[in-house]
Amino acid sequence: MPSAYLRRRRLGAELRRIREERGWSVEAVAEKIFISESKITRLENAQIRPDLGDVMNMLDLFEIERGQHDRLAKLAREAAQKGWWDRHGMAMGPRQKIAADLESSAATIRSYDQTAMPGVMQSPEFLAALIELDQRQGPITYMPERMAEAREYRQREMLRVDGPTYETVLDECVIHRLDVPPEAMAAQLRHMISLVSAEERITVRVLTHDARVRGGFLPQSSFYLYTFTETGDPPMALVDTATTDLILTQRRDVTQYAQMYDRLRKAALSPRGSVTFLGRVAKRLTEQAGSTP
């Protein structure tokens, strides 16, 4: 299915353009079709799932010609669709939901992970350790079992026949600094090795702690780059922060992150060297866990 989020962005941009071309203010439109100004603003900024009745009223108000009317109506219906991630409620949280949404229509995904393992590559043992770590920080707002089910489903979706290619540059610091048991980390590393060995379109490159990243500054956070199967959907960058994900669509911003990714990729180990590195670390962690009293 097409990404509902991408359709919301496209729909909102077109509605704003048409409104401004027709000379309508947000206040005037809200008064004419009896909805709040904030709802129109959020619709234009892709912050809410569109109400089909509201969109149809806006198209009638703007006197859109038949062909364009039908195209925008179809776009609105697609933007209003719910994906499999919506069935999981709060189990995934808004950040996981937007990632799953974008993955559903992605042609390629590239990520730089400096604080966590890629969500779609996490093993059950590692996810259980992450949930326990989350619980140490305070009460959680989701059901762990549902979270695990959602993560497993997300991985299956990425591995579907027509799924995207996925490449990640994994910062070595994640392996050593994340406070999970060594056996859980070892299981995670072996899980990643198994994935990349079985799927040619999945690649992991490890950025070792002593690698020199040439040509510019270091990234300040993890980030993800998406290209999409439909030509009307432009490339996008998603930047990870402590509380939310920033979505960037301006060409200059996306290009800047793509160039940064290329520098990180060049500094990282090769795919084969990365698998060897991960296997060696997993072996050491397993030995470490076995020697712990």
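The largest share, 3 residues, comes from α6. W84, A100, E103, S104, R154, E157 and R160 line this cavity, which holds about 30 Å³.

Notes on the source: this is a predicted model, where local features need pLDDT of at least 70, side-chain atom pairs count only at pLDDT 80 or more, and totals for chains, interfaces and linings use all residues. Residues are numbered from 1 along each chain as its sequence is written, and side-chain values use heavy atoms, with hydrogens and water left out.

For my own reference, on a 1 Å grid over the protein atoms alone, a cavity is a set of points where a 1.4 Å probe fits but cannot get out, and a pocket is an open set with protein on both sides within 12 Å along at least five of seven lines; lining residues have an atom within 4 Å of a point. Grid points are joined across faces, edges and corners, and a volume is the space filled by probe spheres set on the points. Helices (H or I, at least four residues) and strands (E, at least two) are DSSP runs, numbered from the N terminus.

Next I looked up the largest cavity, at about 40 Å³. Helix α3 (residues 37-44) gives the most to its lining, with 3 residues.

Then I turned to the largest pocket, with about 1,200 Å³ of space. Among its 38 lining residues, R95, Q96, A116, R151 and D240 are the closest to its centre. α6 gives the most to this lining too, with 6 residues.
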